[in-house]
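Subject: The structure we talked about

Hi,

Here is the structure I promised to pass on to you. Have a look at it first, and then read on for what turned up in it.

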Amino acid sequence: MAETTVLDVRGLHWASSEAIIESTLRRRPGVVAVNANAANQTATVTFDPAQTTLAQLTEWIRDCGFHCQGRAVPDHICEPIPMPDAAPSPHDMMGHGGHGAMSMDAMVRDMRNRFLVALLLSIPIMLWSPMGRDMFGFGVPAPFGLRDDVFALILSLPVVFYSAWIFFDGAYRALRARTLDMMVLVAVAVGAGWLYSVGVTLTGGGEVFYEAASVLTTFVLLGHWFEMRARGGANDAIRALLELAPPLAVVLRDGEPVEVPTAEVATGDLLLIRPGAKIPVDGTVEQGHSEVDESMVTGESLPVAKDPGSTVIGASINTTGTLRVRATKVGSDTALAQIVQMVQEAQNSKAPGQRLADRAAFWLVLVALLGGTATFLVWWAVGAGVQSALLFAITVVVITCPDALGLATPTAIMVGTGLGAKRGVLFKNATALEISARIDTVVMDKTGTLTKGEPEVTDVVVEGISEEEFLALVAAVETESEHPLAAAIVRYAAERGVTPLPLSAFQNVPGQGATAEVDGRQVAVGNRKLMVDRRVDFGELMDRRDELAASGRTAVLVTVDGRGVGVIALADAARETSAAAVTALHDLGVEVVMLSGDNEATAKRIAAQLGIDTVIAEVLPGDKAANIAALQRDGRKVAMVGDGVNDAPALAQADLGVAIGAGTDVAIETADLVLMRSDPLDVPIALRIGRGTLRKMRQNLAWAVGYNVIALPIAAGVFQPAFGLVLRPEIAALSMSGSSFIVAVNALTLKRLKLPGTPAGDERPGR
């Protein structure tokens, strides 16, 4: 039985270097599949535990030159993975020029330092180069009586052996793993120019490329420094989630409050939650009344009332009263830990488009190397000289680096999944995110999804007495009843400030209703059969009752002292945001279908109220999947929205299974997309996030491919004879690095996506 684990890989900071881990591990025994993700610095590995172990996987990754921390999601969410800032061991330091065990922040600082060294030394190298003298009119001789090329060689040594060493080291790792990546291209470009120049210097001097090699290194490092900073911002959602859980909890021991680390809270502990405090773990309220702000976990904008028996979610904030909470889920079992794990798994997975881009990146590196070689040979053959031919070849190699292609989709996926997590919209994988962008039909279960799943009074028709007196009499009878309809009537009366009158002689009539003596009058509340048995004539009220029943409502008849005085209609009321959700889906060009087991009249009443296109009523639970399949046979891309339990077969059948109202149960196996709130408005939000993410992925891929198509012939000097258009390696490096930076920044603009019910740039309403 294969297992899947997510490994935290330090030093995996180049998108094109993912292939080093992937190609190495795929050749190892027992490894079924592997996806490396530079954006998250993780590797998701599926392996056969009978053939290999987690320790072996970790060691193989370390052999590639990376530092492997083990599980990416800690058992205790309040204990984030250590990010070592202390000096790493020599073994850890071997990977990628010393980036092996560094955190992302440390790597960004290291990249900055390498860039600054290269920049400071490139300035004098440039000034004392022939190009610099011609460009700036710089006429000062090199110090200490050295030749200009010897002085430039000395200054270039720290650039090559410190600043650019990550490229040479990374190229060695890639070639050892039998793959080609961006490191190989930069190492070839910098190494070829520098070694050629060293050869010229040691053989008596001549025109050299020290300035090209050093400035090339500077611009590549600058681009990747900015790119790494941008990618760090793409993962703000995970970072913010990890920081939500409080480090300490107050546990009641022998009735006394004791402060302990949250990681030490055990299932069954009784916690004291004071006003304004964060709830450390998931639990059940045993004592107290309060309102809890759950917006940071579920996206629910309004505080939720909590009473004894209510469940609470770890990392939510207690606002008003003091609560005593019994811990039910701790560590990796909490809702927050599951959310973090689900978001990380989605970010670590690869969309179909990314797999194609990965294969294209490998071939693009090969094309760059072959193209550079061909460019050199062609220009040399036409008499351009070794120096000019080498400049063109280096420019081709540099400008064709596929780093932007490797970043195109994972950065967008990181931002999209993080944006969804802030709204309680959890995509299980990148494929679900991509599929959500292609949905054209949304099928929604009625009860509990579009409606609240509990009856509410919709109409009150009274004849002969005032409505207030009528409600006081009816509420008195229904107060003694346990029927759900009775509870809805009592609640309706209370909302209108009506106090039930005193009663006596209450009698329940099974299947029909109830009777009682209220304030000296005989009152009967029930269905048509109860009234027929009592031979009560309702006159025109009965016609009104039939109209209400025909429209899908449940009609309750009321008599006072044997005379029909009123009708109360009840129905499963639509959620407040259901109509807005349907409108938002229509705005996206999506057809909305309602599935219901109710009779057709009831289903059509709700559909007409919400503006739903198609109604499929009187559907048995087992037939929902067949109805989904029928829509798919018509060529539709179908999303099914249900509660994740009763609707499991339909969720599995749909192209996109959406579990709504998951609350703390985020690990619903049959769903591709989990909505934490019972809010149908989150469905169009999810589709809009999917479409926005796919749009950014396509924009990035188009930019990465288009950039290479245009830049490659320019770099090769194709337009030089006709237009005199020539790119130097330094400009090529700036262009290549800028391309990668543009891709990362373009993905980050997804954070400004306007979602239904929110102002632009704000992920949660009411916050």
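Two residues are in contact when heavy atoms of theirs lie within 4.5 Å. Keep that in mind for the first part, and also that this is a predicted model.

**Two packed helices**

Which residues of helix 8 meet helix 14? From helix 8 they are Leu 185, Ala 189, Ala 192, Gly 193 and Tyr 196. Their partners in helix 14 are Val 386, Gln 387, Leu 390, Ile 394, Val 397 and Val 398.

Two packed helices are described by the angle between their axes and the distance between the axes. Helix 8 covers residues 182-202 and helix 14 covers residues 386-399; their axes are 8 Å apart, at an angle of about 160°. Angles over 145 degrees count as roughly antiparallel, so helix 8 is roughly antiparallel to helix 14. The crossing of these two helices is left-handed.

**Aromatic rings**

There are eight aromatic pairs in the structure. One of them joins Phe 161 and Trp 165: the ring centres are 6.1 Å apart and the planes are at 25°, so this pair is stacked. Phe 161 is partly exposed, because its relative accessibility is 48%. Trp 165 is partly exposed as well, with a relative accessible area of 38%. Phe 161 and Trp 165 also belong to one aromatic cluster with Phe 168 and Trp 194.

Tyr 196 and Phe 209 are stacked, with 5.3 Å from centre to centre and 25° between the planes. This pair links distant parts of the chain, since Tyr 196 is in helix 8 while Phe 209 sits in the loop between helix 8 and helix 9 (210-234), 13 residues apart. Are the two partners buried or exposed? Tyr 196 has a relative accessibility of 26% and counts as partly exposed. Phe 209, at 1%, counts as buried.

**Backbone angles to look at**

Arg 178 has a phi near 60°, which is a positive value in a residue other than glycine. You will find Arg 178 in the loop between helix 7 (165-176) and helix 8. With a relative accessible area of 65%, Arg 178 is exposed.

Asp 519 is not a glycine either, yet its phi is positive, at about 50°. Asp 519 belongs to the loop between strand 18 (513-518) and strand 19 (521-526). Its relative accessible area is 45%, so Asp 519 is partly exposed.

In helix 2 itself (residues 54-63), the buried residues include Leu 57, Trp 60 and Ile 61. Thr 58 and Arg 62 are buried there too.

**A buried serine**

Last, please look up Ser 436 in helix 16 (residues 430-436). What is its relative accessibility? The value is 0%, so Ser 436 counts as buried. Which residues is Ser 436 in contact with, leaving aside its neighbours within four places in sequence? They are Phe 427, Leu 656, Ala 686, Leu 687 and Gly 690.

Best wishes

Conventions: Residues are numbered from 1 along each chain as its sequence is written. This is a predicted model: local features need pLDDT of at least 70, side-chain atom pairs count only at pLDDT 80 or more; totals for chains, interfaces and linings use all residues. Side-chain values use heavy atoms; hydrogens and water are left out. Axes are lines fitted to C-alpha atoms, for helices over the stretch in contact, and angles run from 0 to 180 degrees between N-to-C directions. Helices (H or I, at least four residues) and strands (E, at least two) are DSSP runs, numbered from the N terminus. Angles under 35 degrees count as roughly parallel, over 145 as roughly antiparallel, 65 to 115 as roughly perpendicular and the rest as oblique. A crossing is left-handed if the near helix is turned anticlockwise from the far one by less than a right angle, and right-handed if clockwise. Rings of Phe, Tyr and Trp (its six-membered ring) pair if their centres lie within 6.5 Å; planes under 30 degrees apart count as stacked, over 60 as edge-to-face and the rest as tilted. Buried means under 20% relative accessible area, exposed over 50%, partly exposed in between (1.4 Å probe, protein chains only).
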